[in-house]
Amino acid sequence: MQAFYADHFVLPLPDGHTFPMGKYEKLRSRVVAECPGMRLGPALPATDGELALAHTPQYVEAVAQGHLSAAEQREIGFPWSLRMAERARRSVGATIAAARVALIDGEGVAANLAGGTHHAQADKGSGYCVFNDAAVAARLMQAEWHRRSRARPLRGNRELLRVAVIDLDVHQGNGTAAIFADDDTVFTLSLHGAKNFPFRKQAGDLDVELADGCADDAYLDALDAALAALWQRTAPGLVFYLAGADPHEGDRLGRLKLTAEGLAERDRRVFAACRARGIPVAVSMAGGYGRDIDVTVGVHLRTLQTAFESWTQWKQPQVA
């Protein structure tokens, strides 16, 4: 299974900043040590043209040239720097690469060791999200699928690629919902804390709000119901799975009470449901702000291990 990273671009954040920049390098180190079957590669940066599939050219230029206002930088949560702009491009590039491997190359499952930047809207960033990686990659994969399906048969030669975003970060994917508000080819599903950030939610196709303190059983019941509704309402050819670690009981920002095993079961159910329907998955890590960063890294690692297990089943020969 292939996974892509950009953790060598570290933002120069001030002391005491709440964003856990160090978790990405820690995660890659653990993948190298504990997941020998996973092939890692550095992400290439998304181009201006790719970013403009989901973002306004004016916003793309403002990020690239350092023209973001002080208020815009505060809303993003990062001070502008060349590394900030480059890391944002490469975070999108990693999700593009994962989606291309999973869908176009037929691998079934691939991963971004970061990503899940679901608060970024077309014309602005927010909540530690500069560009919306899933939104850009979704539109790019639709274009590539259409182009290739016209040239040669691809998995049934469906020219229209429908996409689903399964967002299980603890925070609502308001940016993704806003970008695809008028696009019926992309279905957005978000399970999130009702009282958590963003405090003004953006209606998606299916939003499931969870009470503070929600634990494993209630969460998994809600997930099962949401997935059943998703399959009834759309038939995606590609899923972007935002597997946030922040619903964990030890997360500083999460307000939910899922155990590590509960989150692992969440991942198993998502991958199993997609695999049963033959739907490729590009998975990103999304949020995770544990009081103990190593616990957060452990949750992300189990997500990747579950993804790897799903990938091995994709690669098994089909029995007639």
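This is a predicted model: local features need pLDDT of at least 70, side-chain atom pairs count only at pLDDT 80 or more; totals for chains, interfaces and linings use all residues.
1. Residues are numbered from 1 along each chain as its sequence is written, and side-chain values use heavy atoms, with hydrogens and water left out.

2. Let us begin with the inside. In soluble globular proteins, nonpolar side chains tend to be buried together. Here the largest nonpolar core has 54 residues. A nonpolar core is a set of buried Ala, Val, Leu, Ile, Met, Phe, Trp, Tyr and Cys residues joined through side-chain atoms within 4.5 Å; buried means under 20% relative accessible area, exposed over 50%, and partly exposed in between (1.4 Å probe, protein chains only). F78, I96, V130, F131, M141, L238 and F240 have the most contacts inside this core.

3. Which elements give two or more residues to this core? They are α3 (57–65), α5 (82–104), α6 (133–151), β4 (163–167) and β7 (238–242). The biggest share, 13 residues, comes from α5. Helices (H or I, at least four residues) and strands (E, at least two) are DSSP runs, numbered from the N terminus.

4. Not counting residues up to four places away in sequence, F131 touches L51, H55, Y59, V60, V63, A88, R89, V92, T117 and A120; contact means heavy atoms within 4.5 Å. Another core, of 51 residues, lies apart from the largest one and has L189, A226, V270 and A273 among its members.

5. The largest pocket has a volume of about 380 Å³. On a 1 Å grid over the protein atoms alone, a pocket is an open set of points where a 1.4 Å probe fits, with protein on both sides within 12 Å along at least five of seven lines, and lining residues have an atom within 4 Å of a point. Grid points are joined across faces, edges and corners, and a volume is the space filled by probe spheres set on the points. Of the 30 lining residues, F19, G127, Y128, C129 and Y289 are the closest to the centre of this pocket.

6. The elements giving two or more residues to that lining are α1 (23–34) and α5, and α5 gives the most, with five. By class, this lining has 17 nonpolar, 10 polar and three charged residues. Ala, Val, Leu, Ile, Met, Phe, Trp, Tyr, Cys and Pro count as nonpolar, Asp, Glu, Lys and Arg as charged, and the others, Gly among them, as polar.

7. The second largest pocket has a volume of about 150 Å³. Residues lining this second pocket include F4, P42, E50 and R100. Once again α5 gives the most to the lining, here with four residues.

8. Look next at S284, in strand β8 (residues 281–284). Is S284 buried or exposed? S284 counts as buried because its relative accessibility is 3%. Beyond its neighbours within four places in sequence, its contacts include N112, D133 and Y241.

9. Finally, check some backbone details. The peptide bond from F197 to P198 is cis, with omega near -5°, and P198 sits in the loop between β5 (186–193) and β6 (206–210). R255, not a glycine, has a positive phi near 70° and is partly exposed at 39% relative accessible area. A286, also not a glycine, has a positive phi of about 55°, and at 6% A286 is buried.
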